[in-house]
Amino acid sequence: MVLKAFFPTCCASADSGLLVGRWVPEQSSAVVLAVVHFPFIPIQVKELLAQVQQASRVGMAVLGTWCHRQQEPEESLGHFLEGLGTIFSHEPWLQLCRERGSKFWSCKAIHRQVSAAPDVPSEDQVMLIFYDQRKVLLSQLHPPTVVSDHQDGDTMASTGGLAVVFDTVARSEVLFCSDQYDEGPVRLSHWQSEGVEASVLVELAKRASGPVCLLLACLLSLISAASGCRLWKLWPLPFIRSKLSTCEQLRHRLDHLTLVFSTQKAQSPAQLMRKANMLVSVLLDVALGLMLLSWLHSSNRIGQLADALVPVADHVAEELQHLLQWLMGAPAGLKMNRALDQVLGRFFLYHIHLWISYIHLMSPFIERILWHVGLSACLGLTVALSILSDIIALLTFHIYCFYVYGARLYCLKIYGLSSLWRLFRGKKWNVLRQRVDSCSYNLDQLFIGTLLFTILVFLLPTTALYYLVFTLLRLLVVTVQGLIHLLVDLVNTLPLYSLGLRLCRPYRLAAGVKFRVLEHEVGRPLRLLMQINPLPYSRVVHTYRLPSCGCHPKHSWGSLCRKLFFGELIYPWRQGGDKQD
């Protein structure tokens with residue numbers, strides 16, 4: 001039988017003593033956590049193990065003895081260590097020894113109770129596996145979805161059994177709080193054997209975090225109560241708030257801040273990582289917003305933007321007028337229905353005239369509006385970008401109106417032609433059963449249907465051309481808003497803290513482990529070194545990605561083309577009938 005003994009690398013040079021850890025009988029494994037040094041009293045060692053077991057809920061025991069012959073020249077020490085098995089009875093009893101003057105180790109696992117001959121203990125083969133105790137303690141194991149191929153010199157291992165090792169070391173953190181230089185009755189060696197490092201600033205920050213979080217939680221609860229007031233539920237305020245990106249982003253950030261500054265502690269490492277990612281996302285958002293604010297208020301850039309906004313709006317309106325005049329003629333040599341073409345062109349030209357009058361009426365207040373919008377950047381870059389998206393929506397409201405008029409008229413004609421086409425085939429749409437049924441029509445119905453079908457067919461090219469032009473303009477505006485929303489979602493959802501951990505301390509996010517052979521000779525125990533495989537960046541983003549505000553629709557290419565063909569409206573926000581992801 002082969003037993004696996006996980007031995008910390010920090011104890012390879014420790015003085016001789018007892019091996020303290022956990023025995024996992026299901027996997028025939030022993031996880032060594034610390035080495036108890038001489039002199040000690042057995043009852044004090046048992047009391048220490050009982051305290052650690054009560055605090056960590058991990059079955060602690062004395063697994064065997066450790067002999068470092070390079071530091072212990074006495075040959076009688078080995079016999080003394082062997083005799084400790086009668087005081088600390090454990091099956092099997094491990095005996096690890098580092099030989100003097102060589103790099104070889106000797107490992108034995110003795111069974112005294114199941115021996116075939118009396119007074120002759122049986123031995124098992126031991127596979128010695130070294131692990132970095134600090135990295136295993138601070139890491140969080142993520143089981144891999146796909147088992148990687150074998151590499152040269154390395155053997156990939158399944159994380160199913162190794163999860164017990166990671167869990168044992170993580171739950172036994174209370175054992176590592178004791179130190180070699182403490183004045184306690186038992187002296188231990190582990191990865192903190194050189195002293196527990198502490199910072200006065202860190203301790204002060206820990207003590208001050210509680211009152212600060214409590215104060216901020218109270219302020220955020222007041223803001224949430226004010227936002228939930230009945231005044232905000234009066235029509236049309238809920239409708240406007242659901243359509244503005246700024247309101248959605250403020251609500252999203254309020255939820256983030258409420259979770260970050262909550263006084264409740266994280267129940268799991270995943271919740272702690274989520275809080276850290278949200279905090280870093282908010283801090284980065286505010287820092288970028290302050291940079292934007294300083295850039296806008298330097299060199300009077302807000303005044304320059306205000307002076308350039310009205311000429312740009314006039315230029316856009318002028319270009320639209322030229323476009324409508326081109327459509328009212330013979331666009332691209334196409335012969336349009338002149339009466340309908342003139343009616344639609346003059347109708348849209350009148351809207352452009354109204355829009356230019358509105359822009360010139362608002363021109364004295366534009367600089368003041370932009371100044372207040374610039375101040376909103378102190379709330380974060382995402383808030384400023386959301387306001388920019390809403391401003392673009394307001395400045396292109398006339399294009400949206402043109403698109404709605406053209407889409408409704410085109411959709412009416414498409415559905416009218418489809419209904420009349422079913423009339424020619426002796427069919428009709430059954431509203432109750434949602435299907436096409438057969439139907440008999442009289443001569444008058446067929447005559448009226450033929451007349452209407454002919455009128456709609458000859459008017460369709462003119463309507464379709466206006467619909468196509470304004471749909472392209474609308475898609476251009478929606479694309480610009482989509483890029484802004486994509487940048488906002490990137491700042492909101494990117495797990496920056498997890499990516500920083502993966503970059504600076506890759507062992508904190510472990511996807512698995514690999515073993516490197518240190519010694520493999522005949523007659524010698526197999527010695528392996530366990531190394532941590534870090535989580536790939538793609539899996540870090542996928543695992544710790546923060547939820548987005550979810551106020552924007554996610555159309556597939558098929559549904560988008562269908563809506564464009566049938567003239568259905570495309571909104572940059574989610575409608576009540578859309579499916580939620």
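**Entry 1: a strand residue**

Strands here are DSSP runs of E, at least two residues long, numbered from the N terminus. With that in hand I opened the model, which is a predicted one. I looked up Y131 and found it in strand β7, residues 122-131.

Is Y131 buried or exposed? I read a relative accessibility of 0%, so Y131 counts as buried. The cut-off I used for buried is under 20% relative accessible area.

Next I asked which residues Y131 touches, leaving aside neighbours within four places in sequence. I noted F6, F7, P8 and T9. I also noted V31, V32 and L33. V136, V169 and M530 complete the list.

Y131 and L528 are 397 residues apart along the chain. Their C-alpha atoms are separated by 8.9 Å.

**Entry 2: the whole chain**

I stepped back to the totals. The protein chain has 18 helices and 14 strands. I counted on 581 residues, of which 39% are buried.

Most residues other than glycine have a negative phi.

S28 has a phi near 50°, a positive value. I located S28 in the loop between β2 (17-24) and β3 (29-37). Its relative accessibility is 12%, so S28 counts as buried.

R57 also has a positive phi, near 60°. R57 sits in the loop between α1 (42-56) and β4 (61-68). Is R57 buried or exposed? R57 is exposed, with a relative accessible area of 64%.

**Entry 3: the transmembrane annotation**

I turned to the UniProt record, an unreviewed entry. Under "transmembrane region" the record lists residues 276-296, 343-361, 373-396, 445-469 and 475-499. I compared two of these stretches with the model.

Over residues 276-296 I found 100% helix and 0% strand. The end C-alpha atoms of that stretch are 30 Å apart. Over residues 475-499 I found 92% helix and 0% strand. There the end C-alpha atoms are 35 Å apart.

I picked L284, which lies in helix α9. L284 is partly exposed, at 34% relative accessible area.

With 0% relative accessibility, S498 counts as buried. What does S498 contact, beyond neighbours within four places in sequence? I listed M273, N277, L509, V540 and Y544.

**Entry 4: α8 against α9**

Now to helix pairs. Helix α8 (residues 245-260) packs with helix α9 (residues 269-296) at about 130°. Their axes are 9 Å apart. That angle makes α8 oblique to α9. I noted the crossing as left-handed.

From α8 the contact takes R253, H256, L257, L259 and V260. From α9 it takes R274, K275, M278, L279, S281, V282 and D285. By class I have 6 nonpolar, 2 polar and 4 charged residues in the contact of α8 with α9.

**Entry 5: α10 against α12**

Helix α10 (residues 301-327) and helix α12 (residues 366-375) cross at roughly 130°. Their axes come within 9 Å. I therefore put α10 and α12 down as oblique to each other. The crossing of α10 and α12 is right-handed.

I found I302, G303, L305, A306, L309 and V310 of α10 meeting I366, E367, L370 and W371 of α12. The contact of α10 with α12 has 8 nonpolar, 1 polar and 1 charged residues.

**Entry 6: α14 against α18**

What is the crossing angle of helix α14 (residues 397-424) and helix α18 (residues 557-566)? I read roughly 85°, with the axes coming within 8 Å. So α14 and α18 are roughly perpendicular to each other.

On the α14 side I listed Y410, C411, I414 and Y415. On the α18 side I listed L564, F565 and F566. By class, the contact of α14 with α18 has 7 nonpolar, no polar and no charged residues.

Methods. Residues numbered from 1 in each chain as written. Predicted model: local features only at pLDDT ≥ 70, side-chain atom pairs only at ≥ 80, totals over all residues. Heavy atoms only, no water. Axes fitted to C-alpha atoms, helices over the stretch in contact; angles between N-to-C directions. Helix = DSSP H or I, 4+ residues; strand = E, 2+ residues; numbered from the N terminus. Parallel < 35°, antiparallel > 145°, perpendicular 65-115°, else oblique. Contact = heavy atoms within 4.5 Å. Nonpolar A, V, L, I, M, F, W, Y, C, P; charged D, E, K, R; others polar. UniProt positions renumbered as here; feature names shortened; annotations may be inferred. Left-handed = near helix turned anticlockwise from the far one by under 90°. Buried < 20%, exposed > 50% of the residue type's maximum accessible area, 1.4 Å probe, protein only.
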